[in-house]
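Subject: Structure for you to look at

Hello,

Here is the structure I said I would pass on. Please open it alongside this message.

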Number of protein chains: 2
Amino acid sequence: MKTITVLGGGTGTFVVLTGIKNLPIDLGVIVTMMDSGGSTGRLRDQLGVLPPGDLRQCLVALSDAPELWRKLFLYRFEKGDFEGHNFGNIFLSALEKVSENYNQVLETASYVLKTKGKVIPVTFDKTNLCAEYENGIVLKGESHIDENHKETSRIKNAFLEPQASANPYALQRIEESNLIIIGPGDLYTSIIPIMLVEGMKERIRASQAKIVYVMNLMTKSGQTSGYTAMDHIKDLEHYLGKKPDHIIINNGKIPEDIIQWYTDHHEKPVVNDLVATCCNGTIIEEDVVDNVSIEKSRADVLTRSVLRHDSNKLSKIIQGLIAL
Amino acid sequence: MKTITVLGGGTGTFVVLTGIKNLPIDLGVIVTMMDSGGSTGRLRDQLGVLPPGDLRQCLVALSDAPELWRKLFLYRFEKGDFEGHNFGNIFLSALEKVSENYNQVLETASYVLKTKGKVIPVTFDKTNLCAEYENGIVLKGESHIDENHKETSRIKNAFLEPQASANPYALQRIEESNLIIIGPGDLYTSIIPIMLVEGMKERIRASQAKIVYVMNLMTKSGQTSGYTAMDHIKDLEHYLGKKPDHIIINNGKIPEDIIQWYTDHHEKPVVNDLVATCCNGTIIEEDVVDNVSIEKSRADVLTRSVLRHDSNKLSKIIQGLIAL
């Protein structure tokens, strides 16, 4: 059985995990632990817990429990003392308070959610993502970088403060992996933070695992504004310490009204300017757009989350790579 | 196998359930649903959910899950957005929001807590406990009655507003019971509210079950100030519609420093002035004081919750009554 490891934590990771969780593989996900916004940020600040949001998403993505448990973990309180908090975040935070260590938290959550696969925090250290922009500005905190939409200057250097040590099990997982899947996800707030944790870059470089990078569909304002596909790869390579082996990039059509929504928010489709030498293996150009979700939400207000990769389309491509 | 049903919801019910949950009986607890104070009150008001606090206590009392789950459900957040809230209350409230009905909430909570016995809300209607005092004052809301410590006037009439219909399964449970255990617990805020729910008094009166009343150790200021044991029985009989069959009353010694703490709070041991005709069966006078808890907490600050009935002592007496 092949050992497949996904790196990330956001919505893109949720989509990938959902797509491949039922394959006959040993599946794991190494989760970024630098989220500092919204419900997660408040829990971090007020209770001193590790950021639960990305872990919760991964746990639910891998869950094989009845739908009610998945709904419960994703339930967001709309008013009162808990306004804006996800139940799953509260669950992980309270569990951390009564557990002996974070492994016990994850074991308990995995038990109740019947997760098919291992959820592995990249670090157990409390740390903050920082970004130094080309214009000299330095931002500390993932949420500030994430929300810095109007920034036109590029990020020159991303780092952690304080430096964080890798979860030993994350390092071991990299070593044991046959395939590592990176992305899709916000490059600087979901993907690169994982490589910044002490020991991770070296272990990935030394790994025999093939590395697949799933290119984002759209740029992200203030973070990868104006980035082409090659820009993504260059930055990734810098923090990864090597080229990816395979790149999956969309060639499917994104509906005009969706593009218009993004244009209004200063974002646009990532232009495919990949050259053959940018990876060690293959550039896989396929339609990976989730048209079903777009159609389903046509009746509602369009938002960023409407445009996603399609779990099944990604899964088929990944199955091909696993079989290599 | 005998069918035993406990009526109540507070700490006293927790003690009784803990004592008898491992007996070879069909155990159930019919839970008061009028709590409106603290964490429970805020959740009721802000989210429109049923009051979770008493249900949580009963679920945990009956839990056979690993200690971690019990700790988690009783965990109280000490700061931040959730200050003062029990995790178990948040769990039940979020679950109510994503469930089809409250039976699903209880099934899910019972599953995860591996409860040995059935937890049955007395009603699914949203209602408030009201008390009319002899001096003419009327208070609405369980928490206001509970906190009305300085009241010297007695409660003339307790009622619900709006009137609430019994959970059909609570009525059925009464019918099927061989033994019904009432108390210990605050007479007007934990015990009598159950009899006020439409249909409950009639069903209990018509039941063939023997009724055991566990007399409180102490009076409660503003609620049963100055009450003797006979005063408790008279009020209970009024709302129950019949005499209890058996009464368990303490004759064990309560330590002087504990009595002093209560005296400072205008409360005192319930005087045993029971006469043979106050019940249909036997008056059981035994030492039922939990001396272990008192000794354990000697190092800490004394509080009301230090003095409790002893689970094991109560269990032994109840086993004798079950065998009758």
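Predicted model: local features only at pLDDT ≥ 70, side-chain atom pairs only at ≥ 80, totals over all residues.

Chain B has an open sheet of 3 strands, in the order β5-β4-β6, with antiparallel pairing. Its edge strands are β5 (138-140) and β6 (155-161), each of which pairs on one side only. From one strand to the next the twist averages 20 degrees. Strand β4 (residues 128-133) of chain B is joined to β5(B) by 3 bridges, and B:C130 faces B:K140 of β5(B). Helix α9 (residues 187-196) of chain B packs on the sheet and touches β4 and β6 of that chain. The direction of α9 makes about 60 degrees with that of β6(B).

The interface. Chain A and chain B each give 28 residues to the contact. Together they bury about 2,800 Å², with 74% of that on carbon and sulfur atoms. There are 2 salt bridges across the interface; one of them links the side chains of A:R42 and B:D81, at 2.7 Å from N to O. Polar contacts between the chains come to 10 residue pairs, counting those with both residues at pLDDT 80 or more.

On the side of chain B that touches chain A, the elements giving two or more residues are α2 (38-47), α4 (67-74), α5 (87-98) and α6 (102-113). The largest share, 7 residues, is from α5(B). By class, this side of chain B has 16 nonpolar, 6 polar and 6 charged residues.

Regards

Note on methods:
Residues numbered from 1 in each chain as written. Chains lettered and ligands numbered in written order. Heavy atoms only, no water. Pairing = 2+ DSSP bridges. Helix = DSSP H or I, 4+ residues; strand = E, 2+ residues; numbered from the N terminus. Axes fitted to C-alpha atoms, helices over the stretch in contact; angles between N-to-C directions. Contact = heavy atoms within 4.5 Å. Buried area = accessible area lost by both parts, 1.4 Å probe. Salt bridge = Lys/Arg side-chain N within 4 Å of Asp/Glu carboxyl O. Polar contact = N/O pair within 3.5 Å; in protein donor to acceptor, adjacent residues only side chain to side chain. Nonpolar A, V, L, I, M, F, W, Y, C, P; charged D, E, K, R; others polar.
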